Amino acid sequence: MQDIFDLTFSLHEIGFGILGVYFLFDLIKYTEDLKKYPINLRKNIFFLLLISVIGLTVFLAQEWFVFGPFLPIEFALLITLSFLHPKYGASFLLYALLSRPWEVFDNQLMSSMPRDLSYIVLLSILMHKMWRKEFYLRWNHASSCLLLYAVWVFLSVITSGHPTNGLYEYGNVFIKGVVLFFLLTNSMKVKSDLSPATFALVLSIFEKGIISFYKAFMTENLAAGARLESIGILENSNDIAAIFILAIPLSFSLFRGIKLKSIRFFLNSFFSIFYLVLIWKAKSRGALIGVGCIVMAYFFLKVQKKWIKVVSVLLVGMTIVLASNLIKRDGSDLDGSTSNRMIYWKAGVNMAIRNPLFGVGLAGYPLYFGDYAIDGNLGSEGKLRTIHSNWLLPMAESGLPGFFFYICFWAFGHLAIKRQAQSYPEFYMAFFGYAGTITFLSHTYLLYAYILIALILMSDQLPLRSKNESHQRELA
């Protein structure tokens, strides 16, 4: 256990350092606003930033000195960059929420970091909008659906018989994804602003991958045929495998700019094999379906002839069935898993039918599963179970209106990625791969869907470059 703690600690230090360096390179490469200022003003800005980093380092070191010198410097740099441009703040918050360093660092300041970073990002967005005289929020149909869904979930909690548990889950899990969605969509100005958030997402998942790899291959965790696990909120084998589905196509986008094809091919192959091995060790049939969805999405993008698409779908489907049969899990475990899911789904539909307006409330499914199970059949895993379906969970816990808002949110994300499929194939494959995987998992309230759809929507709505940059190019 201590080895995992030490590894996680080191990965946090390395990860935040890599994130800060990437943001600096992105700042130099893409930020056009600074280039129009006189050289003396740019020097003054650099001096102020340096003073800010030093001051924040001193402040944070007083709280985190026991953890070493690197973490205060890294957080000071990232916080400073967050004020320089809100896209860095939103991406920093994204990485922190997925990396979750407060699970390792027993410190009050670190525990309050999610809330503090949210305030910093919001302040940065407001400052930059006032500076640019952009007195509006970036809004779309998906934003309206998500807001309506968040309000309806809150109402379902208030009207349920367990408001305390529901409000705790609402405030500590669900609302973080909603807030991050709106911060991401309002922190970006042009398409190049997608890069920091995409990098932060891929880096955080890679960190989880290293931890899972260590637990699987560097310890005796899988010696008896156990399934791969991670730590924290994604410790479950199915949950961590679902996140790796996201990482496979999104990793490709990071290497697209590498000119040498051999290096690009090596990196793409390495990361693909790395995640596929972990998914195989997780023994998750849902994740295998997600891999199949990624492959089918790729064929639909690259192949024009319909008969080839049909053949590819059939071949991929047969491969998934074969791979599922080759998974070395106990036969009774696999059979029980399938039959149990049918029991859980029927109970969820029963909840929606008998509570069509508000459902049973957030976090209510495990509590009331026994009351709504058809014929009292609880399956082989006991009473306190989840529904194992990302699409049926909102129906069961927030009723038919909540289900409608949630499905519409995904539908608008689907329309956006269809329009941008050729420009952003990695988002297209990630969308269908993740959607296929979570069909058999309860990821409704987790962050990942809201992050992915926020990036997809911005890939569709943001201009290629800012008006100032376009005007400068026209004058040139």
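Select A363 to begin: A363 sits in the loop that runs between helix 14 (331-354) and helix 15 (365-372). Helices here are DSSP runs of H or I with at least four residues, strands are runs of E with at least two, and both are numbered from the N terminus. Although A363 is not a glycine, its phi is positive, at about 70°. The model is predicted, so local features need pLDDT of at least 70 and side-chain atom pairs count only at pLDDT 80 or more, while totals for chains, interfaces and linings use all residues. Residues are numbered from 1 along each chain as its sequence is written, and side-chain values use heavy atoms, with hydrogens and water left out.

**The whole chain**

Zoom out next to show the entire chain. The chain has 19 helices and 0 strands. Of its 476 residues, 53% count as buried; buried means under 20% relative accessible area, exposed means over 50%, and partly exposed lies in between (1.4 Å probe, protein chains only). Among contacts in the chain with a separation of 6 or more, 77% come from residues 24 or more positions apart, a contact being heavy atoms within 4.5 Å.

**Helix 4 against helix 9**

Select residues 86-99 (helix 4) and residues 194-218 (helix 9); their axes come within 9 Å and cross at roughly 15°. Axes are lines fitted to C-alpha atoms, for helices over the stretch in contact, and angles between N-to-C directions run from 0 to 180 degrees. Helix 4 is therefore roughly parallel to helix 9.

Helix 4 contributes K87, Y88, S91, L94, Y95, L98 and S99, and helix 9 contributes P196, A197, A200, L201, L203, S204, E207 and K208. These residues divide into 9 nonpolar, 3 polar and 3 charged. Ala, Val, Leu, Ile, Met, Phe, Trp, Tyr, Cys and Pro count as nonpolar, Asp, Glu, Lys and Arg as charged, and the others, Gly among them, as polar.

**Helix 3 against helix 6**

Select residues 70-84 (helix 3) and residues 113-132 (helix 6), which pack at an angle of about 30° with their axes 8 Å apart. Helix 3 and helix 6 are therefore roughly parallel to each other. The contact is formed by F75, I79, S82, F83 and L84 of helix 3 together with M113, I120, L123, S124, M127 and H128 of helix 6. By class, this contact has 8 nonpolar, 3 polar and no charged residues.

**Salt bridges**

Side chains of opposite charge can pair when their charged atoms come close. A salt bridge is here a side-chain nitrogen of Lys or Arg within 4 Å of a carboxyl oxygen of Asp or Glu, and by this rule the count comes to 6.

- Select R100, in the loop between helix 4 and helix 5 (108-111). R100 is not a glycine, yet has a positive phi of about 55°. R100 forms a salt bridge with E103, the closest N and O atoms being 2.7 Å apart. R100 counts as buried at 17% relative accessibility, whereas E103 counts as partly exposed at 38%.
- Select R256 and E426, whose side chains meet in a salt bridge (2.2 Å, N to O). R256 lies in the loop between helix 10 (237-254) and helix 11 (261-282) and E426 in helix 17 (residues 425-438), so the pair ties together parts 170 residues apart in sequence. R256 is partly exposed at 44% relative accessible area, while E426 is buried at 5%.
- Select R419 and D460, a salt bridge with its closest N and O atoms 2.7 Å apart. The pair links distant parts of the chain, 41 residues apart: R419 is in helix 16 (residues 392-419) and D460 in helix 18 (residues 448-461). R419 is exposed, with a relative accessible area of 54%.
- Select D26, K87 and D193, which salt bridges with shared partners join into one network.

**Last stop: T444**

Finish at T444, in the loop between helix 17 and helix 18. T444 counts as buried, at 0% relative accessibility. Leaving aside neighbours within four places in sequence, T444 is in contact with Y149, N390, L393, P394, Y406 and Y450.

Note on methods. Angles under 35 degrees count as roughly parallel, over 145 as roughly antiparallel, 65 to 115 as roughly perpendicular and the rest as oblique.
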